[in-house]
Amino acid sequence: PAYTIQDDKFWFSDGSIILISEDKKAFRVHLVVLAMHSQYFKDMVEQAQPSAADAADHSLQQLPLADSSEDISCFLHFIYTPWYFTVGEPTPFKQLSGMLRLSTKYLCDQLRQGIIKHLMMIYPRERAKLLPLSPLIPAENKVDHSLLAIQMGQESNIPEILPIAFYHAATIDPIHLLAHPDVSSDIKLAVSVGRACLVDAVFKTAWRYVCYDPPDRYCGNTACQLSRTRTLRAILANGHRAPFIFMGPQLHECSVWPDHTGWRIEMQRCNTCLVNWKVEERKGYNKVWEELPTYFGLGGWAA
């Protein structure tokens with residue numbers, strides 16, 4: 001045989017076809033069952049016209065696939081055990097990735113669309129739905145889920161998830177990002193450059209309050225001027241929080257911030273200054289959100 005080992009789970013005695021992975025693992029399954037889920041295998045059934053000699057030959061058809069045994073196993077798990085993947089239920093990203101690759105390759109549209117819907121729930125395009133960590137992400141993927149999602153989006157042509165997946169990746173500690181063994185250098189570079197652009201845009205928006213223009217929009221109250229100085233200290237001391245700007249309170253919503261010494265500094269502002277700051281900050285961050293995809297080399301939200 002062209003294989004070296006039989007899969008323990010997917011080896012049915014009445015199977016009609018043997019799938020052989022690139023690492024020479026064999027899966028004896030039912031072609032008609034595959035055809036119920038996959039247009040690729042459905043076409044194979046419809047186009048098969050065995051000759052008399054083939055009909056007399058009871059040997060099984062062997063189909064070598066350029067896919068890993070792990071991906072094939074994930075794909076077959078979904079086909080034979082539907083509860084293996086449910087849209088809206090936490091699923092390990094390794095399983096999602098394997099199912100997505102094969103559902104795309106073998107034209108299993110129902111599974112592919114289900115996975116896309118699931119990923120869109122984790123990486124929504126609506127800013128109001130953005131969460132620091134979606135409950136759909138299993139514990140094993142809490143740190144690098146976004147990096148795996150970027151790979152899935154690029155490999156399987158799902159551009160819808162890329163802006164938010166890149167945004168989440170920008171919140172990963174740079175040291176962890178660069179040391180990740182399973183992420184390409186291109187993705188690491190795009191995330192690093194995007195993070196720098198995002199931090200720059202966030203700082204510029206925050207500094208508008210400190211270096212306000214025109215000055216007549218704010219009062220001359222000494223306490224407010226002191227507060228702006230303290231705000232600058234807070235911004236500089238919390239630069240590492242800049243990428244999280246859309247996942248937590250914005251500066252004008254905070255009354256107390258830590259400075260670089262660990263002290264807590266009070267943000268005392270009069271109502272006039274606070275209202276003006278709030279308007280300017282929201283306007284600035286709305287622009288940052290609109291430009292977010294471009295920071296990571298993407299074509300924009302529409303693309």
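Reader: What percentage of the 303 residues in the protein chain do buried residues make up?

Author: This is a predicted model, in which local features need pLDDT of at least 70 and side-chain atom pairs count only at pLDDT 80 or more, while totals for chains, interfaces and linings use all residues. Residues are numbered from 1 along each chain as its sequence is written, and side-chain values use heavy atoms, with hydrogens and water left out. A residue is buried under 20% relative accessible area, exposed over 50% and partly exposed in between, with a 1.4 Å probe and protein chains only. Of the 303 residues in the protein chain, the buried share is 47%.

Reader: How many helices and strands does the protein chain have?

Author: Both are DSSP runs numbered from the N terminus: helices are H or I with at least four residues, and strands are E with at least two. By that rule, the protein chain has 12 helices and six strands.

Reader: Which residues touch the most other members of the largest nonpolar core?

Author: A nonpolar core is a set of buried Ala, Val, Leu, Ile, Met, Phe, Trp, Tyr and Cys residues joined through side-chain atoms within 4.5 Å. In soluble globular proteins, nonpolar side chains tend to be buried together. The largest core here has 72 residues, and those touching the most other members are L19, F41, F93 and Y123. The largest share of this core, nine residues, is supplied by helix 10 (residues 185–210).

Reader: Which residues is F93 in contact with, leaving aside its neighbours within four places in sequence?

Author: Contact means heavy atoms within 4.5 Å. With neighbours within four places in sequence left aside, the partners of F93 are I122, Y123, I137, P138, N141, H145, L148, A149 and M152.

Reader: Why are helix 5 and helix 7 described as roughly parallel to each other?

Author: Axes are lines fitted to C-alpha atoms, for helices over the stretch in contact, and angles run from 0 to 180 degrees between N-to-C directions. Angles under 35 degrees count as roughly parallel, over 145 as roughly antiparallel, 65 to 115 as roughly perpendicular and the rest as oblique. Helix 5 (residues 93–105) and helix 7 (residues 145–155) have axes 11 Å apart and pack at an angle of about 0 degrees. Helix 5 and helix 7 are therefore roughly parallel.

Reader: Which residues of helix 5 and helix 7 make the contact?

Author: Ala, Val, Leu, Ile, Met, Phe, Trp, Tyr, Cys and Pro count as nonpolar, Asp, Glu, Lys and Arg as charged, and the others, Gly among them, as polar. The contact of helix 5 with helix 7 has six nonpolar, two polar and two charged residues. From helix 5 come F93, L96, S97, L100 and R101, and from helix 7 come H145, L148, A149, M152 and E155.

Reader: At what angle do the axes of helix 4 and helix 5 cross?

Author: Helix 4 spans residues 69–80. The axes of helix 4 and helix 5 come within 8 Å and cross at roughly 85 degrees.

Reader: Is S69 buried or exposed?

Author: S69 lies in helix 4. Leaving aside neighbours within four places in sequence, S69 is in contact with S21, D23, K25 and F27. At 14% relative accessibility, S69 counts as buried.

Reader: How far apart in space are K105 and D67, C-alpha to C-alpha?

Author: K105 is found in helix 5 and, at 38% relative accessibility, counts as partly exposed. Beyond neighbours within four places in sequence, K105 is in contact with A66 and D67. K105 and D67 are 38 residues apart in sequence, and their C-alpha to C-alpha separation is 9.9 Å.
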